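Here's a quick briefing to read alongside the structure. Keep the 3D view open and look up each residue as you go.

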Amino acid sequence: MSVEVRLDPGRIARRLRLRNGVVARRLADRTQKVARIAEREAPGSMGQYVTWKVQDSPGGLQGVIVCDHPAVRFVLDGTRPHIIRPRRAKALRFQVGGRVVFAAYARHPGTRPNNFMARALGEGR
């Protein structure tokens, strides 16, 4: 008695790339998990701007997590020390110790990078 098994790589690849197939569902679950971690790790209200999706690419399906907050690059990369000047007014207005203070400019010390997206990816594995 002999048994012959033939594998059709093209057919297997097509089955794996199905939109509602096992691989797509697992990828969606893992992508969503990492996106939830990114939402939690994001500073302030930035987590509300985190979205995710599974999309086709030339190499197959891929999970994509996006944060489209306007300041996300400044948070991920950090900022160097810089001077802040008023745009429309003659002076900046601050509240310091309960008092209102006006200044022609302010020296911002810069911020350290906070790569919450990479941390989320590392925790989600």
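This is a predicted model: local features need pLDDT of at least 70, side-chain atom pairs count only at pLDDT 80 or more; totals for chains, interfaces and linings use all residues.

A residue is called buried under 20% relative accessible area, exposed over 50%, and partly exposed in between (1.4 Å probe, protein chains only). Residues are numbered from 1 along each chain as its sequence is written, and side-chain values use heavy atoms, with hydrogens and water left out.

**Helix α2**

- Helices here are DSSP runs of H or I with at least four residues, strands are runs of E with at least two, and both are numbered from the N terminus.
- Helix α2 covers residues 22-41, which makes 20 residues.
- The expected span of a helix is 1.5 Å times one less than its number of residues.
- Which residues of α2 are buried? They are Ala 24, Ala 28, Thr 31, Val 34, Ala 35, Ile 37 and Ala 38.
- Those buried residues pack against β1 (50-57), β2 (60-67) and α4.

- Gly 124 sits in the segment after α4 (116-123).
- Gly 124 counts as buried because its relative accessible area is 4%.
- Leaving out residues up to four places away in sequence, Gly 124 touches Arg 30, Lys 33, Val 34 and Ile 37. Contact means heavy atoms within 4.5 Å.
- Lys 33 is 91 residues from Gly 124 along the chain, yet their C-alpha atoms are separated by 6.5 Å.

**Salt bridges**

- Side chains of opposite charge can pair when their charged atoms come close.
- A salt bridge is a side-chain nitrogen of Lys or Arg within 4 Å of a carboxyl oxygen of Asp or Glu. The whole structure has 4 of them.
- One joins Arg 36 and Glu 39, at 2.6 Å from N to O. Both lie in helix α2, 3 residues apart, or about one turn of the helix.
- Arg 36 is partly exposed because its relative accessibility is 35%, and Glu 39 is partly exposed at 28%.
- Another links Arg 119 with Glu 41, where the closest N and O atoms are 3.2 Å apart. This pair ties together distant parts of the chain, with Arg 119 in helix α4 and Glu 41 in helix α2, 78 residues apart.
- Asp 77 forms a salt bridge with Arg 73, the closest N and O atoms being 2.9 Å apart. Asp 77 and Arg 73 are 4 residues apart in helix α3 (residues 72-77), so about one helical turn separates them.

- Strands β4 (residues 92-96) and β5 (residues 99-103) run antiparallel and are joined by 5 bridges. Two strands pair if DSSP finds at least two bridges between them.
- Gln 95 has Val 100 in β5 as its bridge partner.
- The two strands form a hairpin with 2 residues between them, and Gly 97 in the turn has a positive phi of about 60°.

**Leu 7**

- Leu 7 lies in the segment before α1 (9-16).
- Is Leu 7 buried or exposed? Leu 7 counts as exposed because its relative accessibility is 67%.
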